[in-house]
Amino acid sequence: MNNPIRLYMSMSLDGYIAGPDDRPGQELGRDGGRLFDWLDDRESDSPSGQIYREALATGAVISGRRTFELAGRWQGDHHDGVPVFVLTHRVDDGDVPPGHARFVTDVEDCAREARAAAGDRPVMVHGAGAAQALLRAGQLDEMEIHLIPVLLGDGRRLFDHLGSDHIELDLVRRLEDRGVTHLRYRVRRPGEAA
């Protein structure tokens with residue numbers, strides 16, 4: 001696939017992407033920062049450095065509204081001035097996102113616009129809500145999960161509200177590094193054989 005829509009998410013072994021009580025001022029929840037220790041190696045030639053460089057080579061970002069707000073709206077620029085499409089249920093009058101960000105209320109429109117904006121580069125996805133909405137709509141192509149060997153026990157789960165539909169995944173890459181296993185999965189389309 002030329003420009004896949006790809007989720008990038010750090011996750012504990014028990015499925016949490018943030019610790020309990022994630023909120024402004026404590027964006028990753030209690031002890032949720034542990035999920036991002038692998039970023040200490042982002043400037044290295046290690047697998048984590050490779051993954052980080054790949055993430056920054058994406059041509060557009062799709063974010064859920066909650067993630068966008070908790071990240072301080074990235075001050076309008078997630079990385080290198082790429083367009084940021086914020087998937088949201090509603091847009092309040094007068095609420096204009098900063099910089100390169102814009103609100104989109106329809107998941108299929110959001111995917112189509114992000115792909116077009118990204119050109120031949122992948123589209124990065126952030127946030128559980130956006131990931132689940134894209135999966136349900138059949139618009140998420142890949143998942144890059146940074147699996148951390150820790151059990152957080154509580155917090156915000158990545159796939160908590162996905163629904164009961166069965167979704168098959170194919171592991172296409174596995175990279176081990178200090179304190180993390182980077183797993184890339186391709187999302188199979190309904191009826192597609194392994």
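**View 1. The side chains of Thr181 and Glu176 are joined by a polar contact of 3.1 Å.** The model shown here and in the other views is predicted. Thr181 lies in strand β10, which runs over residues 180–187. Its relative accessibility is 15%, and buried means under 20%, so Thr181 counts as buried. Leaving aside residues up to four places away in sequence, Thr181 touches Ile145, His146, Leu147, Arg174, Leu175 and Glu176.

**View 2. Helix α3 spans residues 107–118.** The helix has 12 residues. From its first C-alpha to its last it reaches 16 Å, close to the 16 Å expected at 1.5 Å a residue.

View 3. Val107, Cys110, Ala111, Ala114 and Ala118 are buried. An α-helix has 3.6 residues a turn, so residues three or four places apart point the same way.

**View 4. The buried residues of α3 pack against strands and a helix.** The strands are β1 (5–12), β3 (60–64), β4 (84–87), β5 (101–104) and β6 (123–126). The helix is α4 (128–136).

**View 5. Asp106 is found at the start of α3, and Gly119 follows the helix.** A side-chain oxygen of Asp106 reaches to within 3.1 Å of the backbone nitrogen of Glu108. Gly119 has a positive phi, near 65 degrees.

Definitions and conventions
Residues are numbered from 1 along each chain as its sequence is written. This is a predicted model: local features need pLDDT of at least 70, side-chain atom pairs count only at pLDDT 80 or more; totals for chains, interfaces and linings use all residues. Side-chain values use heavy atoms; hydrogens and water are left out. Helices (H or I, at least four residues) and strands (E, at least two) are DSSP runs, numbered from the N terminus. The expected span of a helix is 1.5 Å times one less than its number of residues. Buried means under 20% relative accessible area, exposed over 50%, partly exposed in between (1.4 Å probe, protein chains only). Contact means heavy atoms within 4.5 Å. A polar contact is a pair of N or O atoms within 3.5 Å; within protein, one must be able to donate a hydrogen and the other to accept it, and residues adjacent in sequence count only if both atoms are side-chain atoms.
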